[in-house]
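Visitor: Please show me the model and walk me through it.
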There are 2 protein chains.
Amino acid sequence: MAADDTSNVFEAHPMEGGDGPNSYAKNSIVQRGVVDAAKELVKRAIVETLNIDILSSSNSFKIADLGCSVGPNTFYAVENMIEAVEFKYQSQGQNSQIPEFQVLFNDHASNDFNMLFISFPENKRYYAAGVPGSFYSRVFPNASIHLVHSSYAIHWLSRVPKEVLDKHSPAWNKGKIHYLNARDEVVRAYEAQYVEDMECFLHARAQEIVYGGLMVLIFPGRPNGSASSQAWANMSFQVLGSCLMDLVRKGVISEEKVDSSNMPIYSMTPQELEDAVKQNGCFSVEIMANLPHPLVDDTLSVPQLLASHLRTGVEGMVKKQFGEEILDELFDLYREKCEHDALNFLAVLGHNFIVVLRRKAD
Amino acid sequence: MAADDTSNVFEAHPMEGGDGPNSYAKNSIVQRGVVDAAKELVKRAIVETLNIDILSSSNSFKIADLGCSVGPNTFYAVENMIEAVEFKYQSQGQNSQIPEFQVLFNDHASNDFNMLFISFPENKRYYAAGVPGSFYSRVFPNASIHLVHSSYAIHWLSRVPKEVLDKHSPAWNKGKIHYLNARDEVVRAYEAQYVEDMECFLHARAQEIVYGGLMVLIFPGRPNGSASSQAWANMSFQVLGSCLMDLVRKGVISEEKVDSSNMPIYSMTPQELEDAVKQNGCFSVEIMANLPHPLVDDTLSVPQLLASHLRTGVEGMVKKQFGEEILDELFDLYREKCEHDALNFLAVLGHNFIVVLRRKAD
């Protein structure tokens with residue numbers, strides 16, 4: 001996810017740090033809902049599929065959370081996984097063999113690790129480390145991790161596809177910031193970037209995860225065979241793009257700035273991920289499932305929730321590109337547009353998936 | 001080093017973060033001098049004493065730097081150690097067996113890890129992780145580290161001895177902020193805190209370091225058998241204390257605030273460390289040596305250097321206790337007093353030691 005192209009400010013994208021009103025820590029409600037919805041599934045998946053023999057004696061059990069952000073969701077997820085691993089030992093009568101745990105919290109170097117580190121739960125039952133760096137490249141030593149977890153992170157691409165920013169390319173994405181309802185060339189450029197990134201992701205993890213180790217991936221996407229519009233992120237960024245174009249028409253921002261802003265996000269289907277896993281060849285798919293819908297169906301609060309959620313995710317990027325002064329107007333406009341479409345938004349918010357992969361022995 | 005006593009603000013003491021004029025990153029010249037002076041000694045120590053058989057095949061070589069602060073000194077030290085380990089492999093004809101390296105950068109949770117993480121050298125040859133927490137307790141899993149390094153950190157105590165802050169104790173350290181020229185009871189309270197802390201330090205490391213693993217400790221102190229004044233830190237804090245009392249007499253600050261401020265620093269002798277190692281029983285002393293003097297003998301610049309150096313180390317603490325407005329006056333005063341005593345200061349700046357310990361098999 002590290003930026004290697006400075007022509008588009010939407011490249012490096014840590015969540016809003018600190019604990020202010022628009023911070024990730026205060027507004028990661030949708031992600032928290034997904035964590036909650038995933039909780040039992042993750043626990044069951046670990047209990048059902050983990051082989052505790054992958055741990056050599058006297059070794060510690062190493063868990064990595066990729067794209068951890070600043071908490072608290074990462075702490076809930078980690079605690080849940082540790083409980084599951086412990087339960088697995090207990091259920092096999094190996095209570096006395098329960099290992100020490102080390103948890104490696106990974107995110108971009110620009111993530112607010114200071115905040116993460118001072119937020120650790122008291123009496124945590126694991127040794128903690130922060131690991132800065134893009135998970136599209138290697139971040140851990142060879143065969144050093146037993147369980148990888150990543151929630152709401154792998155839908156971020158490593159970069160915006162170059163072509164969509166290139167005026168002279170047929171994939172130039174003029175007047176939009178994402179690929180929904182864009183030209184075919186734009187969609188194909190995003191697809192190609194996804195394929196390339198997922199190849200890098202799986203290649204890196206195949207080296208880092210011990211044979212038999214597990215990888216739990218939770219991500220928003222769209223169902224197999226559905227239209228591009230059936231993904232929350234796609235709908236969101238189409239609407240956000242149209243709000244930005246409204247501000248262009250009002251003369252508040254320039255159209256060039258919109259043209260040079262594209263969101264490095266791809267809403268994959270489970271099938272696309274499965275294809276990438278097959279292509280990589282190092283993992284077996286153990287579980288692939290829809291998550292239960294993360295929200296109660298309170299449609300009234302959906303627009304505000306969506307606006308807060310989106311603002312948390314992209315405020316830093318929008319501010320950098322368009323200036324702080326447009327933020328309130330932009331996200332108010334966004335909320336209004338969401339109100340017209342609240343039911344559709346509510347539906348696609350349920351398109352979250354869990355995939356559990358196992359590292360095969362070579 | 002984590003504070004567990006809030007009655008004294010000099011408890012938690014990260015170096016000044018960021019990269020401003022008084023930051024550690026810009027003013028760690030003395031420490032850098034020590035790193036430079038130690039460089040060849042550390043390299044030779046690793047080449048001479050490391051047994052590469054401690055690394056099982058397919059494992060990565062794990063180096064921990066305790067009290068790493070924000071760089072760049074930690075990066076120089078790490079690079080130097082990796083070169084030494086690689087040289088050891090090469091010198092034994094095992095070039096092809098050179099392992100991957102993982103470096104664990106440890107400091108207080110309040111250390112500026114964000115700055116550390118964005119400062120990593122380009123093309124570093126190791127996987128990096130930040131590990132927040134006091135090194136007076138466990139910070140790594142059991143038997144997980146091959147080489148521990150700590151430079152200019154273990155002279156910080158985990159806390160100020162309680163008695164020296166207690167008005168009703170014979171060890172109350174009225175009108176001073178450190179133990180040089182203080183009552184015997186004060187000195188004994190500091191000594192006892194050092195003994196307790198070093199016991200915790202060695203106990204934690206004995207569990208974390210693999211059998212045969214090494215620990216390289218570099219610290220400012222005083223020579224065996226010398227007076228307490230023969231340590232740079234002791235001289236510094238006596239002088240700083242007298243400057244604070246000058247400000248008390250001028251009515252700038254209150255004497256109560258000086259009474260409730262004590263520096264959690266102890267200037268050990270190599271013998272005291274050796275005694276602690278014997279008491280602990282898990283390590284053998286492989287090397288114990290004076291470091292070459294870190295500075296060229298330019299006495300003119302010493303007072304300014306000392307003032308900048310000290311300010312970098314304690315500015316955060318002084319600001320919190322006495323207010324930002326006294327900083328310039330205080331450190332100007334300190335510089336002036338150093339000018340009268342520059343030669344003595346220059347001499348004790350040379351009292352830095354290197355100790356290499358090996359984890360014995362039980």
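Guide: Helices (H or I, at least four residues) and strands (E, at least two) are DSSP runs, numbered from the N terminus. This is a predicted model: local features need pLDDT of at least 70, side-chain atom pairs count only at pLDDT 80 or more, and totals for chains, interfaces and linings use all residues. Residues are numbered from 1 along each chain, chains are lettered from A in the order written, and side-chain values use heavy atoms, without hydrogens or water.

Visitor: Which residue with positive phi follows α3(A)?
Guide: α3(A) covers residues 73–91. The phi of the residue in question is near 70 degrees. That residue is G93(A).

Visitor: By what turn can chain B be laid on chain A?
Guide: Superposition is by least squares on the C-alpha atoms of residues with pLDDT of at least 70 in both copies. The RMSD is 0.0 Å, with a shift of 0.0 Å along the axis, for a turn of 180 degrees. The two copies are thus related as by a two-fold rotation axis.

Visitor: Which residue of chain B comes closest to the rotation axis?
Guide: The distance is taken at C-alpha. At 2.4 Å, the residue is G130(B).

Visitor: Which element gives the most to the side of chain B that touches chain A?
Guide: Contact means heavy atoms within 4.5 Å. By that rule, 23 residues of chain B meet 24 of chain A. With six residues, the top contributor is β3(B).

Visitor: Which residue of chain A forms a salt bridge with R138(B)?
Guide: The rule wants a side-chain nitrogen of Lys or Arg within 4 Å of a carboxyl oxygen of Asp or Glu. Here the closest N and O atoms are 3.3 Å apart. The partner is E100(A).

How values were computed
The expected span of a helix is 1.5 Å times one less than its number of residues.
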